[in-house]
Amino acid sequence: MRPTFHPLGLHDENEVESKKKTSSIAQVWHQNGRCPEHTIPIRRTKNDDVLRASSVETCGKKRHNRTPNGTSPLINGKLHEHSYASVTGDKYYGTKVDINVWNPYVEGPSEFSLSQLWILGGPNENLNTVEAGWHVFPQIYGDNRTALFVYWTSDNYGNTGCYNLNCSGFVQVSNEIAVGSSLSSISSYGGPQYDITLLVWKDPQTGNWWLQFGDQNPLGYWPSSLFDYLSDGADEVQWGGEVYNFSPNGKHTATAMGSGHFAEEGYGKASYIKNIQIVDQSNNLQTPRGIITAAEHPNCYDVASQPSNGDFGTHFFYGGPGQNPNCP
């Protein structure tokens, strides 16, 4: 129940300062105590949680409208809109990032707004992913709080996979952090900024994909047996924001991405993802090469890469308000 190896270089490059920031991130349930050793925290599923879903089978699943030819909804989904950075062209064995935490406005209960990392492998029709980040998703939680989440699928969001612990798949081992629980430290416009540090890596010995939150012990893992294509590493890694645009009243949703402000506003106002690294075949953390950025509807949500620097490393700003005069 522990990884056999951690990525090399994990505690280099000002890691102490990074730990100070991430260790200040707490979850709301911590106000009521902690879990004993050899147990894990599990968010209680209530009747209302199931009733908000269209069926018991779809409870805790990500609804993707796959195109008729099987093209990945991650790129071409009509209802799912993304602003993100990605890297391809090699085999990837994990990623480590700092994700700025916000509480974006979500217009309807069936919509969501998230910021996350994606690790992807396989052809579009059988896409394998492991995903982690934060989201606001009223249909799952019954509120508009910002929650930590994990996700996976092995068939392009078809019949496999779910959020958090809502189905068999992700195996939690930590008694410190609860997936699906609210984060208590939220960034404010022009005010204090908060990040969560997420590290996902493939154990070279077992093939399991492990997740670590901040400077905590590993949170849990996705068993290698879940996947056909990620068992040999990932083909692509992505980082960024996503919203579900239900187009209420025939207009673009006003659901916000990130901070709800465009990338050009910069630090303290726009959302960012910083200190982006990938895990290479030798289990080393490296700065990725050849990162590209894309925004499917830049008048609604955009993205802007930035020159690498010492404090933020490889990073970019992204997000937007959704519906506005240029995004009717």
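A salt bridge is a side-chain nitrogen of Lys or Arg within 4 Å of a carboxyl oxygen of Asp or Glu. In the predicted model described here, three salt bridges are present.

One of these salt bridges joins arginine 34 to glutamate 176, with the closest N and O atoms 3.0 Å apart. Arginine 34 is located in the loop between helix H1 (15-22) and helix H2 (47-52), whereas glutamate 176 is located in the loop between strand E6 (171-172) and strand E7 (195-202); the pair therefore ties together parts that are 142 residues apart in sequence. The relative accessible area of arginine 34 is 52%, and this residue is exposed. Glutamate 176, with a relative accessible area of 28%, is partly exposed.

The loop between H1 and H2 also contains histidine 38. Histidine 38 has a relative accessibility of 77% and counts as exposed. The C-alpha atom of histidine 38 is separated by 8.4 Å from that of valine 173, although the two residues are 135 residues apart along the chain.

Another salt bridge is formed by lysine 91 and aspartate 235, for which the closest N and O atoms are 3.0 Å apart. Distant parts of the chain are linked by this pair, since lysine 91 belongs to strand E1 (residues 80-92) and aspartate 235 to strand E10 (residues 234-244), 144 residues apart. Both residues are classed as partly exposed: lysine 91 has a relative accessibility of 28%, and aspartate 235 has a relative accessible area of 33%.

The remaining salt bridge is that of lysine 274 with aspartate 195, where the closest N and O atoms are 3.2 Å apart. Here too, distant parts of the chain are linked, with lysine 274 in strand E11 (residues 271-279) and aspartate 195 in strand E7, 79 residues apart. Lysine 274 has a relative accessible area of 4%, and aspartate 195 has a relative accessibility of 7%. Because buried means under 20% relative accessible area, lysine 274 is buried, and aspartate 195 counts as buried.

Strands were next examined for their arrangement in a sheet. Strands of a sheet pair through backbone hydrogen bonds, either parallel or antiparallel. In this model, six strands form an open sheet in the order E5-E4-E3-E10-E1-E13, and the pairing is antiparallel. From one strand to the next, the twist averages 15°. Four bridges connect E1 and E13, which pair in the antiparallel sense. Alanine 295 in E13 is the bridge partner of serine 83.

With a relative accessibility of 0%, threonine 153 counts as buried. The side chain of threonine 153 makes a polar contact of 3.2 Å with the side chain of aspartate 155. When residues up to four places away in sequence are not counted, threonine 153 touches Leu127, Asn128, Thr129, Gly158, Thr160, Gly161 and Phe227.

Aromatic side chains were also considered. A pair of aromatic rings is described by the distance of the centres and the angle of the planes. The structure contains 15 aromatic pairs. Tryptophan 210 and tyrosine 221 form one of them, a tilted pair with 4.8 Å from centre to centre and 40° between the planes. Tryptophan 210 lies in strand E8 (residues 209-213) and tyrosine 221 in strand E9 (residues 218-222), so that parts 11 residues apart in sequence are tied together by the pair. Tryptophan 210 is buried at a relative accessible area of 2%, and tyrosine 221 is buried at 13%.

In a further pair, the ring centres of phenylalanine 316 and tyrosine 318 are 5.6 Å apart and the planes stand at 50°, so this pair is tilted. Phenylalanine 316 and tyrosine 318 are buried.

Notes
Residues numbered from 1 in each chain as written. Predicted model: local features only at pLDDT ≥ 70, side-chain atom pairs only at ≥ 80, totals over all residues. Heavy atoms only, no water. Helix = DSSP H or I, 4+ residues; strand = E, 2+ residues; numbered from the N terminus. Buried < 20%, exposed > 50% of the residue type's maximum accessible area, 1.4 Å probe, protein only. Phe/Tyr/Trp six-rings, centres within 6.5 Å; stacked < 30°, edge-to-face > 60°. Pairing = 2+ DSSP bridges. Axes fitted to C-alpha atoms, helices over the stretch in contact; angles between N-to-C directions. Polar contact = N/O pair within 3.5 Å; in protein donor to acceptor, adjacent residues only side chain to side chain. Contact = heavy atoms within 4.5 Å.
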